[in-house]
Structure formats: C-alpha cells, structure tokens
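Subject: Structure for you to look at

Hello,

Here is the structure for you to open. My notes on it follow below.

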Amino acid sequence: MPDYGHDLRFGTFITPQNAAPDQVVALAQLSEELGFDLVTFQDHPYQPAFLDTWTLISYVAARTERVHLSANVLNLPLRNPAVLARSVASLDLLSGGRIDLGLGAGAFWDAIAAMGGQKLTPGQSVTALSEAIDVIRGIWAADERGGLFVQGEFHSANGAKRGPAPAHDVPIWLGAYKPRMQRLIGEKADGWLPSLSYLQPGDLAAGNAVIDEAAEAAGRDPRDIRRLLNISGGNLGSGALEGPSAAWVEQLLPYVVDDGIGTFILGTDDPRTMQEFAEEVVPALREAVAAERETASSGERVRGATALGRRVPGIDYDDVPASLAADAVEPGDAGYARVRHSYVHPGSPGLVLRPADTAQVAEAVAYARRQPVPFVVRSGGHGVGGRSTNDGGIVIDLGRLKDVEVLDRERRLVRLGAGLRWREVAQALAPYGLAISSGDSGDVGVGGLGTSGGIGLLAREFGLTIDHVRGADVVLADGTVVRADAEHHPDLFWAVRGGGEYVGVMASLDVEAMELSDVVLAVIVHQVDDTPAYLERLGALTEASPRRLTPFTTVFPAGDGQTYARIMIVWAGDDTEAAVGAIEPFLHLAPVVQQQAQVAPYKGIIRSTGDPTAGHPQPPTRSALVAHLDDEAARTAGRLMDDGRLGLVQVRAFPGAAGDVDPDETAFAHRDRGYSVIVMAVEGEDVSDVWDPVVDALYGNFETVVTPETLAKTFPPATLARLRTVKERYDPDGVLGRTSLGE
C-alpha cells in the first residue's frame, strides 16, 4: 500500500514484570529522556508475574512529563468498557492529554475464564469489542445531551451518564490479524497495531486493503487510521530485524513507504538497545522517509478528509512555506492536543507553526503576518499571561529551538535557543559548573522570561535574568533577522530586555551565566493567622538577610479552614553553615507545620510544575510590584486572603542585585521595587475593584489580561515612551504584541 503520509512516531514496548518494578518505571522514564513519543506495556491480568498494566500506566504517568502511554493492548474481556472509558479520560486529564488506548479482543481464554471473564468464540469477541468501542466513545461524548444507551449482546449502557471528556482525542488502536477485526478497524477504530513477529510477508498489504475498504464503506478516509507496528530483534539483538542500526533503517523504510506504517514500537527491556535505536535508527529513518516523500510527492504532507474539514476559514494553508509544512500542526492532526494550549489557558488555534531554526522563524513570521487572522509567539513554556495561544489564529511555537552552546567558558557566555525550558538549561549547564538565575518553575520558556524580566530563585544575589542577557538574534515583524547587542541596534537591545514581545521575536539569547553548582534549599510551612502581619514580617526579615538568600512564598487556604504559607528558600551556594544561620530566623515567623533543608545541585531544584501544554483553566491572576511587603498592595492581598476572597497569594523576592541596575539600562525599569505579588481570586470572586486602585506597578507576565491601564503600570511613563519609539522603528504596523503600545 502507498504511504499514508502520517508523521513518524516511535515508542517502546516494556515488559511489566513485577520482580523489579522500579526497573520497569526507570525504563519508561528513560524512553522519555531518549525522545520516544510513546511507552507501552502488554496487558495480561491473569499473569501473576506481571504488574497490573492500568495501575502501572497510572504510576508512570505521574513519573513522566511528556511521553504518551498506552497498553499494548488492553485485555477487554477483563475490563468493563464504561469504567475503562472513565479511567482513560480521568488519567488523560490528570496527565495533560498523554493517554492512548490500545485494545484487544482477548486471547488465552482459559486464563480469562479463570479470572471470572466470559469465554468467547473468536466471532463473539469481535462483536464484544465493537460494542465496547461504542460504549467508550459514548462515555467520552460529554457534550451530547441525554444518557448513553447501547444495547449490545455483551456490552451495554442503559442511560449511563456521559463524561468526562478526555483532555485530547484519545485514539483507539486495535491489535488485529484477521479480516473481521481489520474490518472493525476500518469502521470504528483509529489505528491498527499488529506485531511484526506474528506477520507473514504480504500480511500488512492485505490487512491495509481490508481496513481501507471498510473505512471507505463507512464513509471514512483510510488516511485517518494510523498504522502502528511492534518490532523487535537486531543486535540490536536477533529476531525479526537483523544487523546494525544502518541495516534496521533499510529494513524499516519499506514498512513506511510501502505499507504505511507511521509508528514503530520497539519491544525491548535493554536500555542500551533503546538508546542505540533512539540515537541511530530514529534520526536516520526520519531522514530516509523524508527523502522518499520528497521524491514521491515534493514533500507535500498528506491529510485525510476529516483533518481537512477542521481547517479554519481565512488561513491560507496552501501558502505555508515548504520548510515549515511538514512540522506544521492543524486542528485535525493527531499532535494538535500537544500544541494547542498553554499551561493554564485553553486554546484552539487554526495553525501551529514549529520552526526549527532562526531562518524558519523568519519564514513563519513573514507568513503569519500575511494572514488575516491574529498570530502569537510561544517560546515553549508556561505562558501564564495567556499570550502564547489563541482561538482561530496562528501560533508560532519556538519549542524546537533547543540548542545550548557554551560560547566562552572563561567569560561564562552561553547561547540559548528561545524554545528551551529553564529546567533543560539548568541540566545542560550543570556539567560546566554554571547556572542562570531564572524562574521558579523549570517549565518556563527561555524566550518569554528572558525578554520580560526573570524573577527567579537566585534573584537577590544575581538580579533578574534580563540583567545578564548580552545579545539576541531577533526576527523583526517583517521577517528580517537582526543582531541586537550593545554594538548592534542598541535601541532594540534595550527594548528586548523587558519589552521583547512588543518589538521582535527572539530566536536565541546570549546570556552571561553564574559560577554555581550546589545550593542550599529549605522549605518551611507556617500556620498563618494574620496574613498582612505575616507578610510584613516576611518582608522585613528578607531585607535584613544576606543577598545570597532568596525566598519564594505561597500563601493559601486549606480545607481545614486554616491559612498556610509555604516558603521555598534558596541559598546561592553550598556554604551550609552560613545558609543555616540565614535560614533559621525564618522558622520564627509563625508556628511551623513542616520544615526540611538539603544541599542540592541547582539543576535539581528547577523542577517541573506541570505540563506547559495542559490548558487547564484557572482563575485570572493579578499582580503588583511593591517596594516592601507592608506597602498597600501587599496589605490588600493579605486582607483579601483573610476575608476568604483569594485562593492564592504568591510573593517572589528580588530586592538586592536587581536594584543595583540603572532603571534606564533595560525596559524593565521598576528597579525601586523588591517584590512581585500575585493574587488569584477564588471561584466566583472578582477583586479588581479592590485590587486595581492600590497597584501602581506590575510585572506583565503575571497579568492575565493586558489593557492600556495594565500596560501603563508595566512600564513607567518615560520607559513606555521610549519603548513606543523603538516599536515604531522596528514594528511600525503594530504586528507584534497582543495589544498596542499606542497612546
């Protein structure tokens, strides 16, 4: 069969042995680290040597961040489909849209019967699977009115409540080898998942023919059905595939171009084999497939009728530059769920462009501005302010720009791709004994934080992140690329550091890192009875502490009716004696509920705080920059918390090195302030009428809504006037930034 044009994906197939459960989880985590897209486990509930597959998937989902997870395949005869539907949807929501569903009709019937399952004939098992799919999809159809009614011979629903809907369109893949099962795939499923070791020559072509015919008879496009294949062998071992990695590429290529396989799942429990496959086979096979597709169809990506039907009017999809088309994601593409949202803002963009280098960023910007829909730029991270996704427009996602280059170790000068997340930067710089003060979450993107401010866990000692930026490669609104530093376009370089989103798109940043390896981390939880007084004491103690100490405080109400404060304190260095002496006074701010302290590498404290693409909505965030924590905005935050109107107050401290910088040096000019205060109202509350009058300065990254009023508080008058001048020069049409900088 011809190539179906699916984007290539790769997964692992890990044995869920219970003799060494930690090793099973470690292999799943290794799969993610190596860049695999999918981790799968076989499901044999009657096998006492195996972990329960669904429990294992749930646990691995909590121990990973990006990779998708699936059974390979789930044993339907021992899994109630209605309960399974809710289990899958729930875990998909909890994991940020990372659960896929591989289903099997059943085998080893005596063992199934021994576990209480019904023993079925092959024909009955297919019927049962078809009914189960109807039940599962019906439960997921949370938007449909009325209860779910499915009257089946083996599975039924009699007015079952629908929902929840999964976080993404969970695909249903069927493990199948016989024509009747293959026809079911064509009629109802999203993928065919056989194992190569069970196939004879010609079986894939014959199976595809059956699936395609059934799909067309059901009014479906065969290209909407992904073809997956479990593989094993090589040396890379011995088995179905043979020889070194180059030989594997030659053997796998025909399965893509002749049989339409879009996903290869490697069956192995050997870490070295996983690594060799990921590092040698995967990139070489991608190149080979790209070359074949270029020859066959001039690089055109094939999309089925369903995907084409989800395109957004107004966007000229045919005009997408050839260099960007292969990796562009549309609403009908399988990867859409992973790129549509930001951290806490759901989005439904009509097109997501994913450039891989500066030249492609320039092409993306030039293309996007030609379209009659809005476009935004995402640097790869959280986007709490909501400016990294949209509805019906274009998103330029810089997440593939992930190079970390140490330009000059002696000068501690490093170059960072704008799509990196700060956790990745910390890990990459650790071997050099270097670190960069960045946000408190490892999932924050380099481009967004590195051009707006950067109030991080080392802020009092080292200042803001932008204070250490020494240059940038900037894509302007017209698609041209310029260098901005002290000698080249100095006005743009000034604006980039604090107002970057308004004047250009940063493809990379040159940053002067700090000599730092280990830090002392302390976490203290206090019981708080008077929040304004607590914040005032916290501020006074912070300002009396050495600059090497930076606290990050979250105040929140708990279910027991009590308010608590969690302080995360970082001492910028490994001098434990000095650190303990500085941290100890914080224990006396209020009654201590919990405390802990440790020496840790800086890379170990820049942790993930949630999937940056989850899109789970939260109440609006409002912010303020204050000089001290007894200022009116801080006192107001405390009173609102004690009145039960807030669900969260966060205080990030930066009095110290940030204040040493001349306010005219960067577009972040609020150098007389020492704290960022964020408030989040409880559901149903709007505190704007109380909050807005007491705020005269704020940090734009933490404001959910950008208005002329909040813009005026983000930039002091002289700074805003200067920024407008720069914008007029480099973006005269006002293409960049979500709101105008005009009067």
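**Aromatic pairs**

There are eleven aromatic pairs in the structure. Please keep in mind that this is a predicted model.

Start with Phe36 and Phe277. Their rings are stacked, with 6.1 Å centre to centre and 5° between the planes. Phe36 belongs to the loop between α1 (21–33) and β2 (38–41), while Phe277 belongs to helix α9 (residues 271–297), so this pair ties together parts that are 241 residues apart in sequence.

Next, take Phe668 and Tyr699. This pair is edge-to-face, at 6.1 Å centre to centre and 70° between the planes. Phe668 sits in the loop between β27 (646–653) and β28 (675–681), and Tyr699 sits in the loop between α21 (688–691) and α22 (708–714), so the pair ties together parts that are 31 residues apart in sequence. Phe668 is at 6% relative accessibility and therefore counts as buried. Tyr699, at 5%, also counts as buried.

**Two helices in contact**

Now look at helix α16 (residues 490–503) and helix α23 (residues 717–730). Their axes come within 10 Å and cross at roughly 90°. Angles from 65 to 115 degrees count as roughly perpendicular, so α16 and α23 are roughly perpendicular to each other.

Which residues make the contact? From α16 they are Asp491, Leu492, Trp494, Ala495, Gly499, Tyr502 and Val503. From α23 they are Thr719, Arg722, Leu723, Val726, Lys727, Arg729 and Tyr730. By type, the contact residues of α16 and α23 divide into eight nonpolar, two polar and four charged.

The charged end of Arg722 sits over the ring of Trp494, 4.0 Å from the ring centre.

Tyr502 of helix α16 is another one to find. Its relative accessible area is 5%, so Tyr502 is buried. For scale, the C-alpha atoms of Tyr502 and Ala49 are separated by 59 Å, and these two residues are 453 apart along the chain.

Arg227 lies over the face of Tyr4, at 4.0 Å from the ring centre.

**A buried glutamate**

Go to Glu330. This residue lies in the loop between α11 (322–325) and β12 (351–353). Its relative accessible area is 3%, which means that Glu330 is buried. What does Glu330 touch, leaving aside neighbours within four places in sequence? Its contacts are Arg303, Arg311, Tyr317, Tyr336, Gly350 and Leu351.

**Backbone points to check**

Most residues other than glycine have a negative phi, and most peptide bonds are trans.

- The peptide bond from Asn72 to Val73 is cis, with omega near 0°. Val73 is in the loop between β3 (68–71) and β4 (74–75).
- The peptide bond from Gly163 to Pro164 is cis, with omega near 5°. Pro164 is in the loop between β7 (157–160) and β8 (172–174).
- Phe108 is not a glycine, yet its phi is positive, at about 50°. It is in the loop between β5 (101–104) and α4 (109–114). Its relative accessibility is 54%, so Phe108 counts as exposed.
- Arg412 has a positive phi too, near 60°. It is in the loop between β15 (404–408) and β16 (413–417). With a relative accessible area of 24%, Arg412 is partly exposed.

Best wishes

Notes. Residues are numbered from 1 along each chain as its sequence is written. This is a predicted model: local features need pLDDT of at least 70, side-chain atom pairs count only at pLDDT 80 or more; totals for chains, interfaces and linings use all residues. Side-chain values use heavy atoms; hydrogens and water are left out. Axes are lines fitted to C-alpha atoms, for helices over the stretch in contact, and angles run from 0 to 180 degrees between N-to-C directions. Helices (H or I, at least four residues) and strands (E, at least two) are DSSP runs, numbered from the N terminus. Angles under 35 degrees count as roughly parallel, over 145 as roughly antiparallel, 65 to 115 as roughly perpendicular and the rest as oblique. Contact means heavy atoms within 4.5 Å. Ala, Val, Leu, Ile, Met, Phe, Trp, Tyr, Cys and Pro count as nonpolar, Asp, Glu, Lys and Arg as charged, and the others, Gly among them, as polar. Rings of Phe, Tyr and Trp (its six-membered ring) pair if their centres lie within 6.5 Å; planes under 30 degrees apart count as stacked, over 60 as edge-to-face and the rest as tilted. Buried means under 20% relative accessible area, exposed over 50%, partly exposed in between (1.4 Å probe, protein chains only). A charge sits over a ring if NZ of Lys or CZ of Arg is within 6 Å of the ring centre and within 35 degrees of the ring normal.
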